Amino acid sequence: MSRPLRPWTLEPGARGYPASLTDLRPGERPRLHGLGDRSLIASVDERPAVTIVGSRNASGYGLRIAERLGHDLALAGITVVSGLARGIDAAAHRGALEGGGGTVAVLACGPEVVYPASNAALHERVLRSGALISEHPPGTAARRGFFVRRNRIMAALSAVTVIVEAAQPSGSLVTADRALELGRTVGAVPGQVGIRVAEGANDLIRDGAHLIRDAADVLDLLYGVGVRSPPGGPAPRSAPGPRPGPRLDPDLAAILGLLSTGCSTVDQLAVAAAVGARETAIALARLERLGYVAAEPLGGWSRTGLREPE
Amino acid sequence: MHAIARTFTLLGVDAREVRVEVDVRNGLPAFALVGLPDAAVRESRERVRAALANSGFEFPQRRITVNLAPADLRKAGPGFDLAIAAAVLAATGQLPAGALDDVALAGELALDGAVRAVPGTMAMAEAARRGAVRAIAVPAGSAPEAALIAGGRVIPFERLEQLRELGGEREPAAPEPVRPSSNGAGLADLADLRGQAGLRRALEVAAAGGHSILITGPPGAGKSMAARRLPSILPPLGPREAVEAAKVASACGRPVEPALAGRRPFRAPHHTISAAGLIGGGTPPRAGEATLAHHGVLFLDELPEFGRGALEALRQPLEEGTVNLVRARYAIELPCRFQLVAAANPCPCGCGPRSGGCTCDPAGVRAYESKLTGALADRIDISVHVEQPDLGSFTDPGEGSAAVRDRVLAARELALGRGDGRANAELEPGAVRLSPQCERRLAEAGLSAGLSGRGRERVIRLARTLADLDGRRRIAPGHLDEALSLRRRDR
């Protein structure tokens, strides 16, 4: 299904080889095999890149945050770098693609090799609207040691590395370590205390990593507090934030408002809105059709990112 | 000398005829029992010997061979005692020739000659009616339930001596059939559910359409309490359903009275149950919980804790309403038309990912979720989520079961009156027509919320029930909307 795209190669020192990679020790500078948008790689020196990595076994919370970060950073004109693994990596790429920005996947196998298989569709999307790079020539299968070594490229390529969820120990923490060695900025998204997959990121924050809550926190690190675009660079295409949806009847708006106050079941909503269970259920179905609410996998209702029009 | 008596053995919930052949000849005194008897049947020798002696008969001091035919069918249980004793008597001339020709016998013997009750006499009486016998002699204790089978003659036996009266004037008169009774135990009432309007509505819809339902929520939110109150709002068993449910109860050695009184069975097996325990199996084959819940409710509390094997095994029975058990030695069919009610915590630790106190590993939550959304969930129509109600705000009892049940009955009547006599949950795909407006709305919902083909059918069935509850012939868009939000989500 993939459109045959010509693979390209970038030798260290060649024109278009990112200067950021020359921060690596000479023996560690990779020859890059790539597919997709070659200019995206060359541009990381002018247009800043942010690496978002994290656990393959992420929680729903972690996945949501990673996707939103990818989305909002892409909107702000930032190239999102990640490793196209399951979990956080995939969510970050997906978010960046949704945000219409460029995204770079650094692989531990040949650039055209789909791994893991569950990311086949995402691999294809990154290929079309971003770039896939690897230090391994096309046709190389992923191998155990490749993953950890690949992390140095992700760390070097970007100005800021953000860890969303990572167990202790994990490959994501290796990426953070390499980024620190290279003098890059490291940020971490706080996770819930007591959950194994959140320990790594929380440890990083304790040890002095920047606390990242949203894309604005990352932009503060990149450009300085409150600055939203590089000096002299183009302005971001639009401010990150939830999209507005269609207008709502007052009764639907009431139910929607209650969902933001901690109500999640029909029982709770019906009491809080002082209407019957069936009216509540009907309102929820209508809100779902309009895209305002979603049924949670394990029961209950919650709001989507769609916000009401002013 | 040689004689034959007929009796029955249970295979699942049906009876299979067994012939007891006895040969008595001169030789060293011996009592051989052949024909794949299990331990209880083999011990029947001792019971028969003592019971004959204590009932004024003579136990022959000769070589006795008892064969249970067909020889390849495994025989279990003590129910063969009476037939073996009768055949021994006939073979030694202590009963008139031909006395056993047109009757079947089943019963366990006490050493003093009393006849003890055995399970499954309803199935036996039914098999006897189909067979070429005039009557079936069963223990007096089990006779009233056997008498429920119309068209067969039942002879109640209290003691072994009564064999002498077979076919004569003093033959015991047919017993009165069991009278319906709910055994005095009242059903838990829905009034105990305070507040929780969404849960109540979901239960009412489930009851009206016979829809299966999944209730999720943290411990203490009232999931089990609600499930156990479902029987109180279900329509009573119809006459045919009652007899079928009673037959299952009889075969499993359980009282038949509640089923006859129209009360639907409610089974709530513990989650450690095996696949065989749930759908039946073993040697000899026994009915499982699914069959015991025939025409009633099977409640699986803590659904994800059940073994994957057990849940997978339940899938085909849920789909077809019967369990087909095929083993090396038998192939039987067990009825199991039940309404599935399942309850589950939202995550392994119970408190739910949204509560803030959840400490579950994401991978663990996913594994848990996959069990919730696995093969079995595919057959569940309604999903309702509950949180712990704030009991302080509900001092009044909720609406009682009687009022809810009236609405359920009215809705069920509408559904059954539409023709094929099926509850809405059992409707075939395409059986319900939608107005163009509803079709459009359903298509829109499919686009925004993702609706599989199965999911679509589920919504239509639910909407049909919601319209029935409203007493409407046509499904309105509002019914469709409520169905969309009640439905269980695919993933």
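Two strands count as paired here if DSSP finds at least two bridges between them, and helices (H or I, at least four residues) and strands (E, at least two) are DSSP runs numbered from the N terminus. The model is a predicted one, so to speak of a local feature takes pLDDT of at least 70 and side-chain atom pairs count only at pLDDT 80 or more, while totals for chains, interfaces and linings use all residues. Residues are numbered from 1 along each chain as its sequence is written, with chains lettered from A and ligands numbered from 1 in the order in which they are written.

Chain A, to start with, has 11 helices and 11 strands. Its radius of gyration, taken over C-alpha atoms, is 21 Å, close to the 19 Å that the globule rule (2.2 Å times the number of residues to the power 0.38) gives for 310 residues, so chain A is as compact as a globular protein of that length. Along the principal axes, the C-alpha atoms of chain A fill a box of roughly 70 × 45 × 40 Å. Of the 310 residues in chain A, 49% are buried, meaning that 20 or more other C-beta atoms, placed from the backbone, lie within 10 Å of the residue's own; 12 or fewer makes a residue exposed, and anything in between partly exposed. Contacts are pairs of residues with C-beta atoms, again placed from the backbone, within 7 Å. Among the contacts in chain A with a separation of 6 or more, 70% join residues 24 or more positions apart.

Now for the sheet. Chain A holds an open sheet of 9 strands with mixed pairing, in the order E1-E2-E6-E5-E4-E3-E7-E8-E9. Strand E1 (8-10) and strand E9 (210-211) of chain A are the edges, and each has a single partner strand, so one side of each has no neighbour in the sheet. At the E9 end, strand E8 (residues 185-188) of chain A runs parallel to E9(A), joined to it by 2 bridges, and A:Ala188 sits opposite A:Leu211 in E9(A). Helix H4 (residues 120-129) of chain A packs on the sheet, where it touches strand E2 (32-36), E5 and strand E6 (131-134) of chain A, at about 90° to the direction of E2(A). Angles run from 0 to 180 degrees between N-to-C directions, with axes fitted to C-alpha atoms, for helices over the stretch in contact.

Over in chain B, the domain assignment (bounds come from an automatic or database assignment) gives domain 1 (2-165) and domain 2 (202-389). The C-alpha centres of these two domains of chain B lie 38 Å apart. Their contact takes 14 residues from domain 1 and 19 residues from domain 2 of chain B.

B:Pro119 falls in the loop between strand E7 (115-116) and helix H4 (121-130) of chain B. It has 18 C-beta neighbours inside 10 Å and therefore counts as partly exposed. Beyond its neighbours within four places in sequence, B:Pro119 is in contact with B:Ser250, B:Ala251, B:Cys252 and B:Gly253. B:Ala249 is 130 residues from B:Pro119 in sequence, yet their C-alpha atoms are 8.8 Å apart.

As for the two chains together, their contact takes 35 residues from chain B and 32 residues from chain A. On the chain B side, the largest share, 6 residues, comes from H18(B).
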